[in-house]
Amino acid sequence: MLEYAEARLPALTRLKRPESLPILLNRYRIYVLPTRFGLLYSAVLIVMLLGALNYNNNPALLLTCLLGAASYQSVFQAFRMLNRLEMHALRAEPCHAGDPLRVSLYWRTNNRNRRSLRLQADGRETVFDLAHDGAVTVEFTAPQRGWRKLERLRLSSEYPFGLFHVWSWLNPEFAALVYPLPEANPPPLPRAGAANVARTVRMSGDELASLREYRPEDPQRNIAWKASARHDELLVKEFELRRSQEIVLDYSMLHGLAHEARISRLARWVYEAEIAQQPYSLHLPQRQIGPALGAEHRHACLRELALLP
Amino acid sequence: MNATVGKPLTQLQFGLTAASVSVAVLPHLLRMPWLFAVPIVLVLLGRCQQRLRGGMPIPAWIKLPLVVIFPIMIIFHFGTIFGRAPGSVLACAMLVLKLVETEKRRDARAAVCFSSFVLMSALLFDSGLGFTLVLVAALCVFLAALREVEGESAHNRTWKTALRDDLRGGAVALAAGTPLALCVFLFFPRLGSPLWGAPGDSSARTGLSDSMAPGTMQDLLTDDTPAFRVTFNDARPPRSELYWRGPVLWEFDGTTWTRPEYRASLSRTTELKAIGAPLSYEVTLEPTHRRWLLALDVPLSSPAGAARGADMSMVNRLPIDNVLRYDATSSSHYVFEPQLSAEHRRLALQLPADFNPRARELATRWREEFHDNGRIVRAALDLFHKDFFYTLQAPLLARDTVDDFLFGTKSGFCEHFASAFTFLMRAAGLPARVVTGYQGGYYNSAGDYWVIRQSDAHAWSEVWLDGRGWVRVDPTSAVAPQRVQLGARAAAGESAAWYQSDWLLAVRNQLDLVNRFWNSTVVQFSALRQQGLLTPFGVNKAEYSDLMAVLIGVSTLLMALFAWSVLRAPRVAHDTLDAAYARLCLKLARAGAPRQPAEGPMALAARIGALWPQHELTGLLAAYGTLRYAFAKPPAGEVLAFARAAASLRLPSVQPDALSSATQ
């Protein structure tokens, strides 16, 4: 029984289970009911019909029939607004807990002008038109850090006359990452390399990093003679000066703060380190990231912070 | 749920709603007392002006008094708010007030919804074809308004394109709904008897009345609406013999001729002998809300549901509120009541004592002078012929109407002549009476029928002569013979309003065919004819259940057709480039070198290029490769050029062994 229902009306059972993209709306998952205005309109049509019949007035009856037929066939137009509409991608802008999460939904219209679509998500309604393939951006609330799963979306339309409400449920398998909220007024960044000398192995400032071809201005003492002997050209040793300004953002160092407050402060420090253009590493109870600098690193750090238990 | 419902309407949305309301109110305005029409128009225009200028919502202290004042005015004027006339005024007033308070989508929708009801009720007053068509066109405005109210989110369009789009959408919806509408119209069971009181509106009566005073016919004679239509079954008589007999007026009180109240003696059958073959024909009478039936002089029998009086005028049992069709037979040559009963003689000689002394004197002189009844009639006709003239703009007459007409104004139209002539005859001792009806008509050759308009209304006299019975005498024809031969308009010969000019009337007479078709197919489609609808399918008398079954069946079929057209898989978007390539490959296959299933254009070119050396085929295949894979969207011009080149390519067929050798 349940299998039959699943086969015929997947939307019924998909109410609970998210489905993978793309989602193509079809007649198995589009529902239609008259709106309240549709019912009122029908009542007026019935009164008109009775009046025309009572007075045996055929032109009036014809007029009523025309109006009724023209309005009721709009159920098909309304259905076509959703039928074969396809949601093929979702994309979320990163956001912080508490900020609105902006999710772009990408639609394929399959060559039909879709008018007056209403997307109900997270208690808010967005009205949009789709003349051709495109995206619509919807805002969700994101109160907590971590993965934010989307609830079911309700896509509906009452176009063209507002007589019929046509709707379908979309439950895409999608979760957006919500970064922790950075602390508003944090203490300054921990001083570079100060606190954690004991724990890290002291490294010499000039560590051999790589070899490269000789350039006329290179000093002679840097020439790697042994290596050059094995090749046809001169090779020069390159040393990387280990920069001493590396910042260590350590979860365990923030004594006396609650778990979330620590995360919040670390998140803020990640941003500040980026602004200061100082390499930083993030030390969490389970793992360490960095040291490094840049958008990728920042994302990796914030992601780890967001996903902390 | 609805964030958009509470939003105020845009200007276009409000404009279309206001247009719907105006369209619904307009047909009613034309037949409304000025007392109501003027305030309704003022409120409507004022509200549109105020709103389109971006005004604020109307406060309640303006709205409430209006809501109260209109019903009070209606009750004051009509005495009631029930009935068609007060009801339509009330509906229009309330609709306009609804527009006054329309600010949100809900209001706009309610206004459009109610507009459709008001619009439909206009058809209860007039159900002509033209009017109905106009109202059907008005439905487009309603649907456009609903569309705009629902789908306003497209704000990047100008209001003109939006409006055009909406109107087109409304028209398309109407067209798409037409089959279903016709199905429902045909098969929806009609009521045998009305659920509530049918309209009985005395003010709306048109056509002949049962009395005649100088000037009463004037309105009729300038009214061009059709009164009835006649189809003769075989030969059609000449126009001058087309006297359509209506009410016969016996009693005269000095100014007004009236028909006597129902009397046993009048209902008694009188002797009527037809000479020659009777004419049979079918009459389609427009609704008059009176009970007269018209028939060619003189009817030999009465249709079912009607009675023929002793004076051969026919009265229907019920007022004619809908178009009525009946068969009748008449004879133009007859002997009618050769023995005049005493009662009839008394009625036909009755005259008021103290009116028209000069006319009486003249008649008495004739009586003494001629003795012969026939010569008296001729004398009267000669008198009219000599120095009277025919005009529709007859001057008003004094108390002694006949005297004033005979010796004073000497000009008038049929009713003056008939009245004076009958008076003279009675004064001279000849039994006479006035017959009203219509004379002539317009023959529509395309439809082979006659249309008789209200302007063909006519009055003539009947005189009883010894041995001959009642004889028709038309004094008007003595004055203006062309009235009988050509019609009332030709006889009037005066300047008519521009819309009554001759050529326009001729066009309208021709177009009357359409009206007649409308009347016979739509307006007269009754329960009876609906029962016969299924006769071709073996159901002789369709019951409600049969009709309902057919209605449900056919409408389901139509809906299924619609659903199929909506649900069927859309056609795959046609790609010109691939189509051209597919044709090219087909050509290759015909020539003996089919493309392998997994072969791209380059590989294909490499394999079979050798078969047709120096041929443009290789170039074409390379072009396809470039167009297909080098662009995200190949330029349309080059695609077209490729398609043309591929289509015009000629390939000489190759030997199978050549192919295999080339492959190796």
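Helix 21 of chain B passes helix 24 of chain B in a left-handed crossing, a crossing being left-handed if the near helix is turned anticlockwise from the far one by less than a right angle, and right-handed if clockwise. Helices here are DSSP runs of H or I with at least four residues, strands are runs of E with at least two, and both are numbered from the N terminus. This is a predicted model, in which local features need pLDDT of at least 70 and side-chain atom pairs count only at pLDDT 80 or more, whereas totals for chains, interfaces and linings use all residues. Residues are numbered from 1 along each chain as its sequence is written, while chains are lettered from A and ligands numbered from 1 in the order in which they are written.

The axes of helix 21 (residues 576-591) and helix 24 (residues 636-647) of chain B come within 9 Å and cross at roughly 15 degrees, where axes are lines fitted to C-alpha atoms, for helices over the stretch in contact, and angles run from 0 to 180 degrees between N-to-C directions. That angle makes helix 21 of chain B roughly parallel to helix 24 of chain B (angles under 35 degrees count as roughly parallel, over 145 as roughly antiparallel, 65 to 115 as roughly perpendicular and the rest as oblique). On the side of helix 21 of chain B, Thr576(B), Leu577(B), Ala580(B), Arg583(B) and Leu584(B) meet Val639(B), Phe642(B), Ala643(B), Ala646(B) and Ala647(B) of helix 24 of chain B, with contact taken as C-beta atoms, placed from the backbone, lying within 7 Å. By class, this contact of helix 21 with helix 24 of chain B holds 8 nonpolar, 1 polar and 1 charged residues (Ala, Val, Leu, Ile, Met, Phe, Trp, Tyr, Cys and Pro count as nonpolar, Asp, Glu, Lys and Arg as charged, and the others, Gly among them, as polar).

Elsewhere in chain B, helix 6 packs against two other helices. With helix 1 (residues 11-29) of chain B, helix 6 of chain B forms an angle of about 155 degrees, the axes being 9 Å apart, and that makes the two helices of chain B roughly antiparallel. Helix 1 of chain B passes helix 6 of chain B in a left-handed crossing. The residues of helix 1 of chain B that meet helix 6 of chain B include Leu12(B), Leu16(B) and Val23(B), and those on the side of helix 6 include Ala138(B), Phe142(B) and Val149(B); this contact of helix 1 with helix 6 of chain B has 10 nonpolar, 3 polar and 1 charged residues.

Helix 5 of chain B packs on helix 6 of chain B at an angle of about 170 degrees, with the axes 10 Å apart, and these two helices of chain B are therefore roughly antiparallel to each other. Among the residues of helix 5 of chain B in this contact are Arg105(B), Arg109(B) and Val112(B), and among those of helix 6 of chain B are Ala138(B), Phe142(B) and Val149(B). The contact of helix 5 with helix 6 of chain B divides into 10 nonpolar, 2 polar and 2 charged residues.

Helices 5 and 6 of chain B also take part in the contact between the chains. In total, 49 residues of chain B are in contact with 45 residues of chain A. The elements that give two or more residues to the chain B side are helix 5 (105-122), helix 6 (129-150), helix 7 (159-187), helix 18 (502-523) and helix 20 (544-567) of chain B, and helix 7 of chain B provides the largest share, 10 residues. By class, the side of chain B that touches chain A has 35 nonpolar, 10 polar and 4 charged residues.

Some local backbone features deserve a look. A cis peptide bond, with omega about 0 degrees, joins Tyr159(A) and Pro160(A), and Pro160(A) is found in the loop between strand 10 (153-157) and strand 11 (164-170) of chain A. In chain B, the peptide bond from Asp297(B) to Val298(B) is cis, with omega near 0 degrees. Ser116(A), in strand 6 (residues 114-121) of chain A, has a positive phi of about 55 degrees although it is not a glycine. Most residues other than glycine have a negative phi, and most peptide bonds are trans.

Confidence is given as pLDDT, the predictor's confidence in each residue, from 0 to 100. The mean pLDDT of chain A is 82, with 87% of its residues at 70 or more, and chain B averages 81, with 90% of the residues scoring at least 70. Over residues 194-206 of chain A, pLDDT stays under 50. Where pLDDT is low, the predicted coordinates should not be read in detail. For the complex, the predictor gives an ipTM of 0.76 and a pTM of 0.67.

Technical notes
Two residues are in contact if their C-beta atoms, placed from the backbone, lie within 7 Å.
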